[in-house]
Amino acid sequence: MCIRDRSGFVQAIGSNWSDSGDYAAVGGIDGFVRVWDTKRRMQILKLMVSSYPFFVDFSPDGKLLLAAGYQDIIVKVFDLSEADLNISIPPGWISVMAWSPDGDQIACGFENGDIKVWDSINGEERLMLTGHTAEIVDVGWSHSGDRIVTTSEDLTARIWSAGTAEQLLTFTGHKNTVLGVQWSHNDERIASSDHDGKVIVWDSTNGEQLLTFSGHQGLVYTVSWSPDDVLILSTGFCGEAMIWDASTGKLLLSLFPEEFDLEITTGVWTKDGKQVVLKGADGSLYFFNSRTGELVKQFETPGYGGGIHFSPTEERVMTCSDGTIRVWNTNAGEEVHSYEIGGFVETAYSPDGKRILIGSNTGIIQIFPTWHSYQELIAYARERCVFRELTPKERQLFGLPERGR
């Protein structure tokens, strides 16, 4: 038997169904076990086991998966319900998500113009922000956590109270769909971009328009402040990534040559401000020196579009496209983990990096745990260990003698 995922056909050497029939697990000769959602007919997990995962089996409740490898003589148990939180939403609604600075809340924008805020621990809905009349494009929390800024296809950007849901300011300087938005690190200004190629800097307290950048030839996907709030990075449809002086509007660097015409869908700064990382429509991550414009390195990531999210240590970078979340080793450019979600996906690390927020237009928002080190992973596993006696059926399944013999 052969199985097929995005990497092609792989010989299968072990397989099993969950008791409910909702999931199937298949071990491949490449060392991975793939878990399939049989109702949606799609792969949802890809788990590294060993060179030959010849034995796979679900626990009776379908929440755990046991996988045994032959060559490495190992047994691994995977928690298939490891999401700390699952929030069901109407399919097709979600368009963008963002963590609050303290990680206690998540804000999600929807295609009908609403924004909802949930508790990130228990999933309780805390706020509903209403006023936009078209799809929400971007959402951002102020660094103090007391305000939320949103952009929409209704040509406006708006600031809301994160405590009362009151609409505080409406920005109407854009003449087309407002796309990216971001707070300066001191929360005194916001920068927003639009479909006409403009970037506008606003006073976040009174709504005054402070500065307009107009160097882009087409729509501007994202804007991003440097860590010291001195510079702004903007990325666009026409293969442009530009670094500007945030006070004067002077163009300091254009990172791609004029003949480069692939879309640059997003861009972020590293913590020290020495580099900017860009994602292009060619499926590549580009790392540029933010002072000289030199291309430092480049590696390929499958799929078009999607965001870029660094772990707190910046040793990992997370990308999303084609229904898949991928986690990469930043230095080596190697994929270390993936989440097969399906549909249009959005994701982000929590501020402390201990959780991953994943949302999809398939109708669910999930929060998964993550770890910075093996020590944290071991501690997490120990907290969740359950010790019990094996049942006679389980002892028989694993070839163990009956108790007392």
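Reader: Hi! Let's start with Gly-21: buried, exposed or partly exposed?
Author: Gly-21 is partly exposed, at a relative accessible area of 26%. Bear in mind that this is a predicted model.

Reader: Thanks. Where in the fold is Gly-21?
Author: Gly-21 sits in the loop that links β2 (8-17) with β3 (23-28).

Reader: And how far apart are Gly-21 and Thr-38 in space?
Author: Their C-alpha atoms are 7.4 Å apart, while in sequence the two residues are separated by 17 residues.

Reader: Nice. Changing topic: what is the strand order in the open sheet of four strands?
Author: The order is β26-β27-β28-β29, and the pairing is antiparallel. At the edges are β26 (264-269) and β29 (295-300), each of which pairs on one side only. On average, neighbouring strands in this sheet are turned by 20° against each other, direction ignored.

Reader: How many bridges join β28 to β29?
Author: Five bridges connect β29 with β28, which covers residues 284-289, and these two strands run antiparallel.

Reader: Which residue in β29 does Phe-288 stand opposite?
Author: That would be Leu-295.

Reader: OK, and Cys-108: buried or exposed?
Author: Cys-108 counts as buried because its relative accessible area is 0%, and the cut-off for buried is under 20%.

Reader: What about Cys-320, buried or exposed?
Author: Cys-320 is buried too, with a relative accessibility of 1%.

Conventions
Residues numbered from 1 in each chain as written. Predicted model: local features only at pLDDT ≥ 70, side-chain atom pairs only at ≥ 80, totals over all residues. Heavy atoms only, no water. Pairing = 2+ DSSP bridges. Axes fitted to C-alpha atoms, helices over the stretch in contact; angles between N-to-C directions. Buried < 20%, exposed > 50% of the residue type's maximum accessible area, 1.4 Å probe, protein only.
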